[in-house]
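Thanks for coming, everyone. Let me put the structure on the screen, and then we will walk through it together.

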Amino acid sequence: MRVYQFAKQLKISPKQLVEICENAGIKGKTYVSGLKEQEISAIKEYIKKSKLAGKPITVTGTETVGEIASKLGLPASEIIAKLSEFGISASINDRLSLENIRNLFEAFGATLQFKKTKESYILGTAVETEQDLLPRAPVVTVMGHVDHGKTTILDYIRKSNVAAREFGQITQKIGAYKVKLKEGSIVFIDTPGHEVFTAMRARGAKVTDIAVLVVAADEGVKLQTVEAINHCKAAGVPIIVAINKIDKPNANPDVVKKKLSEYGLVPEEWGGDTVFVNVSGLTGANINELLEIILLMGEMMELKANPDRPGEGVVLESYLHKQKGPVVDLLVQNGTVGIGDFFVCGSCWGKVRAMFDENGNRVEKAGPSTPVELLGANTTPVPGDRFNVVSSEADAKRIADQENERRKQSIGSGQKVLTLEDLQRQIMQGTLKEFKMILKSDSLGSQEVIKASIEKISQASLQKNGPTINCLHYGLGSISESDILLAACSQAIIFGYNVGVDSKAEKLAKQHKIEIKLYRLVYDLIEDVKNTIEGMTKPKEVEVMIGQALVKQVFKIGKNQTVAGCIVVEGKVVRDSRVKILRDGNFIYEGFLSSLTRFKNSVKEVATNTECGIGIEGFNDFKEGDVIQVYQKVEEEAKV
């Protein structure tokens with residue numbers, strides 16, 4: 001075939017074809033030159049590779065043979081044939097590994113561009129890197145005493161983010177909502193109190209990045225304020241203090257600051273590290289400053305997530321709706337959840353049918369730090385359950401069934417109650433260095449007495465390198481559900497002096513396997529704590545003399561080796577013990593007893609008034625009249 005004829009067939013000019021011939025290594029061709037069959041094949045192969053080597057082709061690592069063929073613009077049979085050359089047998093619908101895709105692209109001279117998707121993460125072909133992580137909105141829980149204005153502050157924040165005409169129509173169905181500002185976004189968890197916050201933690205769910213503690217400037221620190229502080233500290237969540245109601249005439253923020261300093265929340269201007277903001281939920285004074293500080297703290301915490309990976313999150317609440325079926329209030333923490341995704345949520349599973357934001361608007365996708373109302377679960381999950389997007393319905397059912405079975409076994413196995421003895425054992429084994437407790441008493445007076453005694457025991461324990469006592473919460477009145485939840489998520493023991501246990505709390509304690517110790521006498525409570533700490537304090541090793549032997553004769557048994565013929569005059573002599581040699585009232589050598597014999601037989605120990613032969617490692621200069629003192633290390637019981 002002539003060059004110009006083949007050019008016409010390829011729909012290019014003869015000049016272009018001559019250039020292609022040159023580039024393909026077919027030299028000296030003109031418009032009228034003839035082309036051999038193998039030259040035509042070489043030209044076709046060259047053109048095909050040139051096309052593939054142009055613009056990069058994007059793959060996700062989840063493609064089938066047919067999909068790769070389509071992307072390369074080649075027949076599937078050619079892809080299958082090439083795989084066969086690699087020793088791989090595949091059909092058109094088989095999914096290829098990322099390594100095989102790379103090999104194919106290299107073989108065909110194509111440029112590969114890899115794109116990470118949810119599917120590629122699920123299949124394991126995508127590996128997350130630091131570059132994949134993007135900043136996300138901080139998640140904030142607002143807590144405080146009843147009537148200190150938490151709801152007023154939250155309402156003001158929400159109202160300022162929607163038109164006034166819309167605000168009254170909004171029915172917040174989700175226990176969280178996102179506030180969008182010019183500088184960034186903040187997610188607020190609208191929880192009725194620290195009990196819910198801690199209940200989530202007791203179930204292993206870490207939801208909150210920052211806690212805002214609301215304290216009324218006219219009332220100051222109350223019981224629930226202290227409980228909220230202790231729950232936040234136990235969770236390791238940073239606290240911002242919002243002193244509310246500063247618009248009131250009897251407001252006194254400095255009194256609040258002074259009292260909170262006693263609980264470890266020292267203002268920055270007083271040399272501490274806690275941020276305090278004076279606000280008014282009623283007038284909106286300094287609310288914007290509070291939001292700016294939350295954003296700044298979130299930025300300093302470098303909160304990041306990967307929006308491209310499969311969605312992960314935690315259940316805030318769930319309920320059964322007559323028309324909608326199981327409804328899940330979900331906070332997406334990482335990745336993206338989309339309509340049609342299969343998911344596992346604790347022991348339940350499903351497929352995302354619909355999602356709504358806090359304003360009731362439908363959403364197709366929900367990325368990191370986004371709260372949504374989700375439909376499609378087969379049943380209602382437990383608040384605190386983890387939510388994960390999976391690849392298929394079969395996987396979702398299988399994982400949910402496994403979790404359901406695990407929970408049944410956990411209930412049936414009669415999980416052991418965490419007791420004082422357990423804590424002692426853990427610290428003796430070196431796995432625990434802190435004794436956590438919660439104290440509830442009948443009056444402030446008795447609380448102060450017990451608190452002072454516990455602090456003394458703790459100080460004495462620290463001086464002996466023993467464990468510290470961390471009293472997570474001091475409170476008045478009966479032991480409540482809040483106390484049980486705090487103990488459950490912190491592995492603490494509850495001590496009660498002259499108080500009872502709420503019926504609900506008692507039931508919850510059995511459920512979470514929490515030990516409650518009740519006392520009528522202060523002395524008994526203090527003794528129990530002291531004995532526990534003494535049992536937990538690692539005994540000191542001290543060197544004790546266990547025997548003495550008098551050298552009566554010296555025997556040479558080798559060129560540079562001597563043995564002392566002795567009689568044990570006190571206690572006993574034990575082989576491999578530490579020894580000190582006393583001569584004329586002075587210690588002349590310290591070492592180890594290397595050999596101990598009696599009638600030429602090696603023995604482990606020799607008792608008082610018994611003759612023996614003693615060899616000491618590294619010492620041969622025995623003299624008659626030397627005294628050999630034998631020492632052993634023993635554990636001395638620690639007293640605090």
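A word on terms first: helices (H or I, at least four residues) and strands (E, at least two) are DSSP runs, numbered from the N terminus. Counted that way, the protein chain has 19 helices and 30 strands.

Now the ground rules. This is a predicted model, where local features need pLDDT of at least 70, side-chain atom pairs count only at pLDDT 80 or more, and totals for chains, interfaces and linings use all residues. Residues are numbered from 1 along each chain as its sequence is written, and side-chain values use heavy atoms, with hydrogens and water left out.

How confident is the predictor? pLDDT is its confidence in each residue, from 0 to 100. The protein chain averages 83, and 88% of the residues score at least 70. Two stretches to flag. Over residues 162-172, pLDDT stays under 50. The model has 13 contacts there beyond four places in sequence, a contact being heavy atoms within 4.5 Å. Over residues 411-416 the pLDDT is also below 50, and that stretch has four contacts beyond near neighbours in sequence. Where pLDDT is low, the predicted coordinates should not be read in detail.

Next, the chain as a whole. Of its contacts with a separation of 6 or more, 69% join residues 24 or more positions apart. The accessible surface comes to about 33,000 Å², by the Shrake-Rupley method with a 1.4 Å probe, and for residues only the protein chains shown count as cover. Carbon and sulfur atoms hold 48% of that surface.

What share of the residues is buried? Buried means under 20% relative accessible area, exposed over 50%, partly exposed in between (1.4 Å probe, protein chains only). The answer is 46% of the 640 residues.

Take helix H8, residues 150-159. Its buried residues are Lys150, Ile153, Leu154, Ile157 and Arg158. Down the axis of H8, they fall within an arc of 130 degrees, so they line one face of the helix. That arc is taken from the directions from the helix axis to the C-beta atoms.

On to salt bridges. The rule: a side-chain nitrogen of Lys or Arg within 4 Å of a carboxyl oxygen of Asp or Glu. The count comes to 19.

Start in helix H5, residues 76-85. Glu85 and Lys82 sit three residues apart there, about one turn of the helix. Their side chains form a salt bridge at 3.4 Å, N to O. Glu85 is exposed, at 60% relative accessible area.

Helix H14, residues 393-412, has a pair too. Lys397 and Glu393 are four residues apart, about one turn, and they meet at 3.4 Å, N to O. Lys397 is partly exposed at 34%. Glu393 is partly exposed, with 34% as well.

Which parts does the Glu611 and Lys552 pair tie together? The closest N and O atoms of this salt bridge are 3.9 Å apart. Glu611 lies in strand E29 (residues 611-616) and Lys552 in strand E23 (residues 540-558), so the pair ties together parts 59 residues apart in sequence. Both count as partly exposed: Glu611 at 47%, Lys552 at 42%. Elsewhere, salt bridges that share partners join Arg583, Asp621 and Asp626 into one network.

Last, cysteines. A disulfide here is a pair of cysteine sulfur atoms within 2.5 Å. The structure holds zero. Cys345 is in no disulfide; its nearest cysteine sulfur, that of Cys348, is 4.7 Å away. Cys345 is buried, at 0% relative accessible area.

How values were computed
pLDDT is the predictor's confidence in each residue, from 0 to 100.
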